[in-house]
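This report concerns the packing of a single protein model.

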Amino acid sequence: MSVRQSLLAILDQGPCYGYQLRAEFDRRTGSTWPLNVGQIYNTLERLERDGLVEKGDTDEHGHVYYEITGAGRLEVQAWLDSPVQRGTGTRDELAIKLAVAATLPGVDPFVVIRGERDAAQARWQRLHDSVRSGAEPTVPEELAHALVLDAQLFAAEAELRWLDHVEQRLHGHPSHLRELELSAERPRRGRPVREVA
């Protein structure tokens, strides 16, 4: 999730101060990803450093309003026009956990999968109940929240399907074909050499 671009997009509507940006972000995401005010102001400092926003007026309460610059507007448009780039590598904790568990001698990966599936099923059920119990959105904030909930529900469904897939794949590999003992080979120091394709 890009806090930077999200805040810029909100500022494209008009000048805001830090707490106001936080409230606007929450309105647009259904408070799904709460941001602390320190994160907002750190991001604003970087945006100002990069020439994407500038400080504007200060009101009678001491709130400093930030305004988007022309370069900031261009960045917002580029963000909205470009598909989200998903990383090619995986840092997904669940994928790493199951890959390691499947290769550890003495660990039953099917027990680990069952625990993860139970948690994923409970998460899916909570999300499903939230989506079903919610009325059809009638205001923009409700629509934004519904979109975020829908994304989480679909991600939970995908996780359940993936866990089924992992279990099927592991059933095809008896433990002696997947368990790794510690290697006796001493690793070399430094970063691994990248092979050029």
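The paragraphs below treat these topics in turn. The model is a predicted one.

**Nonpolar cores**

The largest nonpolar core comprises 17 residues. Within this core, L8, L11, L21, I40, L44, L47 and V53 have the most contacts. Two or more core residues are supplied by each of α1 (3-11), α2 (18-29), α3 (37-49) and β2 (64-68). The largest share, 5 residues, is that of α1. When residues up to four places away in sequence are not counted, L11 touches C16, L21, L44, V53, Y66 and I68. As a general background, nonpolar side chains in soluble globular proteins tend to be buried together.

**Helix α1 and its cover**

Helix α1 is largely enclosed by the rest of the structure, because 7 of its 9 residues are buried. Those buried residues are V3, Q5, S6, L7, L8, I10 and L11. The elements that cover them include α2, α3, β1 (53-58), β2 and α4 (70-81).

**Crossing of α2 and α7**

Helix α2 also meets helix α7 (residues 140-171): their axes come within 6 Å and cross at roughly 65°. On the α2 side the contact is made by R27, R28 and T29, and on the α7 side by E141, A144, H145 and V148. By class, the residues of this contact divide into 2 nonpolar, 2 polar and 3 charged.

**The aromatic pair**

How many aromatic pairs are there by the rule applied here? The count comes to 1. It is formed by Y17 and Y65, whose ring centres are 5.3 Å apart. Their planes stand at 80°, and planes over 60 degrees apart count as edge-to-face, so the pair is classed as edge-to-face. The two residues lie 48 residues apart and link distant parts of the chain, with Y17 in the loop between α1 and α2 and Y65 in strand β2.

The table lists the accessibility of the two partners.

| Residue | Relative accessible area | Class |
|---|---|---|
| Y17 | 18% | buried |
| Y65 | 22% | partly exposed |

The cut-off for a buried residue is under 20% relative accessible area. Y17, at 18%, therefore counts as buried, whereas Y65, at 22%, is partly exposed.

Key: Residues numbered from 1 in each chain as written. Predicted model: local features only at pLDDT ≥ 70, side-chain atom pairs only at ≥ 80, totals over all residues. Heavy atoms only, no water. Core = buried A, V, L, I, M, F, W, Y, C linked by side-chain atoms within 4.5 Å. Buried < 20%, exposed > 50% of the residue type's maximum accessible area, 1.4 Å probe, protein only. Helix = DSSP H or I, 4+ residues; strand = E, 2+ residues; numbered from the N terminus. Contact = heavy atoms within 4.5 Å. Axes fitted to C-alpha atoms, helices over the stretch in contact; angles between N-to-C directions. Nonpolar A, V, L, I, M, F, W, Y, C, P; charged D, E, K, R; others polar. Phe/Tyr/Trp six-rings, centres within 6.5 Å; stacked < 30°, edge-to-face > 60°.
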